[in-house]
Amino acid sequence: MFKFLLILSCACTIGIVGCSAGKYIGKQAESRSPEPDLIATNPNYRLAMGHFISGNINDVKGDYAQAILDYQEALTYYQDPNIYDAMADDYIRLGKPAMAVVEARKAVGMDPAVIDFRQTLGEAFLAGSDIDSARIQYEKILTKDSTQVGDMMVLARLYEEDQPKKAAALYERTLKYIGPDLPIMMQLVRIYNSTSEFDKSIAVVNKMLAVDPSNLSLKEMLVDLYLQVGENQKALSMLDSLMAENKNDYSLKARAATAYLRMKNFSSADSILDTVF
């Protein structure tokens, strides 16, 4: 999480008028009720923000260990969930996920409605390979805001291995929000193939070809899927045009011969095989 916008905004107002902790760039600030002008009214808050800004500066420099020390010093003057969240981020960067979880839990505990804090907690769990706990956090994020596409995709990846149908449903939801996206659609095809839902794979590949109609690999993938489900005539219709464009592609001819053999059209199969061998 980059925080230099916070540095600029706070540096202009420290000791004068209100800058509140934790408006990080890289995480969108949520709409919240106006906060009191703590910098003007609370000297401890003012001291905390000075150390918080020092931590931000050290984060920009990449000195995460020193930044953590700055945040710890800030917390001796004023406890704010944004400071705990910043510490958790730095512990993740330093490869200390267990400590990151401790600090991220404090941020979430102080303000559980803030999605940013749950994202950090989810990232901390992932850094420590605690997949189940990470899933819980991303599920809670989507319960609060079902349009969080990035978190939706993270959760989908977390479900791919042991709950592929749940992963597929999340990828489908993602596509409804962002429109056609070939890498996501390809991931869907892989999932549907793994669960033997080949009709769904065919539907997705057809949509992919609508986006990229000249993609030879997609066309061959669709041919193979048609052969997989016994749609031999549809496979042959595509193969005819593909073989016309790629006369020396023996793999296409082998596929066509397979389709003819399955349709018991042995003479057509023989005539194609004669050009192969």
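# Close-up views of a predicted helical model

**View 1. Arginine 255 counts as buried, at 16% relative accessibility.** Buried denotes under 20% relative accessible area, exposed over 50%, and partly exposed the range in between (1.4 Å probe, protein chains only). The model is predicted, so local features need pLDDT of at least 70 and side-chain atom pairs count only at pLDDT 80 or more, whereas totals for chains, interfaces and linings use all residues. Residues are numbered from 1 along each chain as its sequence is written, and side-chain values use heavy atoms, with hydrogens and water left out. Aspartate 224, partly exposed at 34% relative accessibility, forms a salt bridge with arginine 255 in which the closest N and O atoms are 2.7 Å apart. A salt bridge requires a side-chain nitrogen of Lys or Arg within 4 Å of a carboxyl oxygen of Asp or Glu. Because aspartate 224 belongs to helix 13 (residues 216-228) and arginine 255 to helix 15 (residues 250-262), the pair ties together parts that are 31 residues apart in sequence. Helices (H or I, at least four residues) and strands (E, at least two) are DSSP runs numbered from the N terminus. Elsewhere, salt bridges with shared partners join Asp59, Asp90 and Arg93 into one network.

**View 2. Glutamate 103 and lysine 106 meet in a salt bridge through their side chains (3.6 Å, N to O).** The two residues are three apart in helix 6, and glutamate 103 and lysine 106 are thus separated by about one helical turn. Glutamate 103 is buried at 10% relative accessibility, while lysine 106 is partly exposed at 36%. The structure holds eight salt bridges; one of them is formed by the side chains of lysine 200 and glutamate 197 (3.1 Å, N to O). Lysine 200 is partly exposed at 42% relative accessibility, and glutamate 197 is buried with a relative accessible area of 18%.

**View 3. Helix 7 (residues 115-127) is largely enclosed by the rest of the structure, since 10 of its 13 residues are buried.** Just after helix 7, serine 129 adopts a positive phi of about 60°.

**View 4. Tyrosine 45 and tyrosine 78 belong to one of two aromatic pairs.** Rings of Phe, Tyr and Trp (its six-membered ring) pair if their centres lie within 6.5 Å; planes under 30 degrees apart count as stacked, over 60 as edge-to-face and the rest as tilted. With ring centres 4.8 Å apart and planes at 85°, tyrosine 45 and tyrosine 78 are edge-to-face. The pair links distant parts of the chain, 33 residues apart: tyrosine 45 is in helix 3 (residues 43-61), and tyrosine 78 is in the loop between helix 4 (64-75) and helix 5. Tyrosine 45 is buried at 1% relative accessibility, whereas tyrosine 78 is partly exposed at 24%.

**View 5. Phenylalanine 52 and tyrosine 71 form a tilted aromatic pair, 5.5 Å centre to centre with 45° between the planes.** Phenylalanine 52 lies in helix 3 and tyrosine 71 in helix 4, so the pair ties together parts 19 residues apart in sequence. Both phenylalanine 52 and tyrosine 71 are buried.
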